[in-house]
Amino acid sequence: MDNQTVLIAFLLTLFAGLSTGIGSLIALIAKRTNTNFLSFALGLSAGVMIYVSFMEMLPKSLEMLSEQFGEKTGNLYMFLALFGGIAFIALIDFLIPKSSNPHEMHSVEEMRKSKHRLKHTGLITAVTIGIHNFPEGIATFMTALNSLELAIPITVAIAIHNIPEGIAVAVPIYHATGSRKKAFWLSFASGLAEPLGAVIAYLFLIQFWNPVLDALILAIIAGVMIFISLDELLPSAEKYGKHHLSIIGLVAGMAIMAVSLYLFI
């Protein structure tokens with residue numbers, strides 16, 4: 001694995017993580033949240049993640065594991081890795097209180113509501129989103145190492161998904177501190193959890209890299225992305241805007257991913 005591939009993978013992860021800053025700017029500058037846009041964009045992200053998980057990552061993982069262990073055992077390992085990834089990200093969600101969870105959506109309009117509704121300080125919120133986004137950084141980085149053509153649309157999908165996270169972080173931080181500048185910078189810095197995940201993956205996984213680990217990581221990442229799509233992106237899209245917009249975004253995301261993969265055949 002050459003250094004250029006590693007560098008590109010890290011830069012893609014950095015881009016995805018720091019897109020929380022876009023969300024914080026929306027929260028701090030915009031007078032209203034463009035809910036229709038966010039609803040469509042979140043549906044689009046979910047479509048990309050779901051399609052690439054089921055149509056590319058899981059079949060590729062199964063093929064590689066079947067070559068190593070045979071079809072039946074390969075299927076077993078793929079299933080275990082898939083549901084292991086789902087269980088991992090679900091456990092993180094379960095351990096974070098709903099009031100602190102950065103994937104509980106907020107809108108710009110909440111800035112004009114009374115301050116007594118704020119339960120947590122900005123620092124706690126920033127740490128919380130960091131914990132929640134850490135595995136997403138690992139997923140983005142490891143996908144980029146495996147396949148750049150898969151990593152680019154996934155990076156864009158995660159970046160879109162991080163925009164409302166930036167709003168979710170900036171709003172309570174602004175309430176807690178009364179400072180728009182602090183709200184922006186803490187929200188922006190919370191996105192660094194994703195490139196940090198990339199660094200940890202590089203330090204502890206690359207040295208053990210082999211076809212089996214490659215295949216297992218693909219299935220684990222697929223599980224993480226499926227859970228994020230079904231538990232966070234689509235419900236958030238429904239909450240932000242109209243039902244049909246989120247579904248149109250979902251189908252559009254699948255179509256874009258299908259065409260992208262077809263062009264690389």
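## Basis and confidence

Residues are numbered from 1 along each chain as its sequence is written, and side-chain values use heavy atoms, with hydrogens and water left out. Because the model is predicted, local features need pLDDT of at least 70 and side-chain atom pairs count only at pLDDT 80 or more, whereas totals for chains, interfaces and linings use all residues.

The mean pLDDT of the chain is 79, with 80% of its residues at 70 or more; pLDDT is the predictor's confidence in each residue, on a scale from 0 to 100. By mean value, confidence is highest in helix 4, at 91, and lowest in helix 5, at 74. Over residues 116-121 pLDDT stays under 50, and for this stretch the model has 9 contacts beyond four places in sequence, a contact being heavy atoms within 4.5 Å.

## Overall fold

The chain contains 10 helices and 0 strands, and its pattern along the sequence reads α-α-α-α-α-α-α-α-α-α. Helices (H or I, at least four residues) and strands (E, at least two) are DSSP runs, numbered from the N terminus.

Of the contacts in the chain with a separation of 6 or more, 88% are between residues 24 or more positions apart. Of the 265 residues of the chain, 52% count as buried, where buried means under 20% relative accessible area, exposed over 50%, and partly exposed in between, with a 1.4 Å probe and protein chains only.

## The largest nonpolar core

The largest nonpolar core has 49 residues, among which M57 and F141 touch the most other members; such a core is a set of buried Ala, Val, Leu, Ile, Met, Phe, Trp, Tyr and Cys residues joined through side-chain atoms within 4.5 Å. The elements that give two or more residues to this core are helix 1 (3-18), helix 3 (35-69), helix 4 (71-95), helix 5 (122-146), helix 6 (148-177), helix 8 (193-205), helix 9 (211-240) and helix 10 (243-263). Helix 9 supplies the largest share, 15 residues. In soluble globular proteins, nonpolar side chains tend to be buried together.

When neighbours within four places in sequence are set aside, M57 is in contact with V52, T143, L150, I154, L218, I221, A222 and M225. S53 lies in helix 3 and counts as buried because its relative accessibility is 0%. With its neighbours within four places likewise set aside, S53 is in contact with L58, P59, A222, M225 and I226.

## Surface

The chain exposes about 12500 Å², of which carbon and sulfur atoms supply 70%; accessible areas come from the Shrake-Rupley method with a 1.4 Å probe, and for residues only the protein chains shown count as cover.

A nonpolar patch on the surface is formed by L196, V199, Y202, L203 and F204, which together have about 460 Å² of accessible area. Y202 lies in helix 8 and is partly exposed, because its relative accessible area is 36%.

L28 is found in helix 2 (residues 20-29) and, at 12% relative accessibility, counts as buried. The C-alpha atoms of L28 and R180 are separated by 6.5 Å, although these residues are 152 residues apart along the chain.

S236 belongs to helix 9 and is buried, with a relative accessible area of 7%. Between the C-alpha atoms of S236 and G43, which are 193 residues apart along the chain, the separation is 8.9 Å.

Technical notes:
Patches are made of residues with over 30% relative accessible area and no salt bridge: like charges are joined within 9 Å, nonpolar side chains (Val, Leu, Ile, Met, Phe, Trp, Tyr) within 5 Å. A salt bridge is a side-chain nitrogen of Lys or Arg within 4 Å of a carboxyl oxygen of Asp or Glu.
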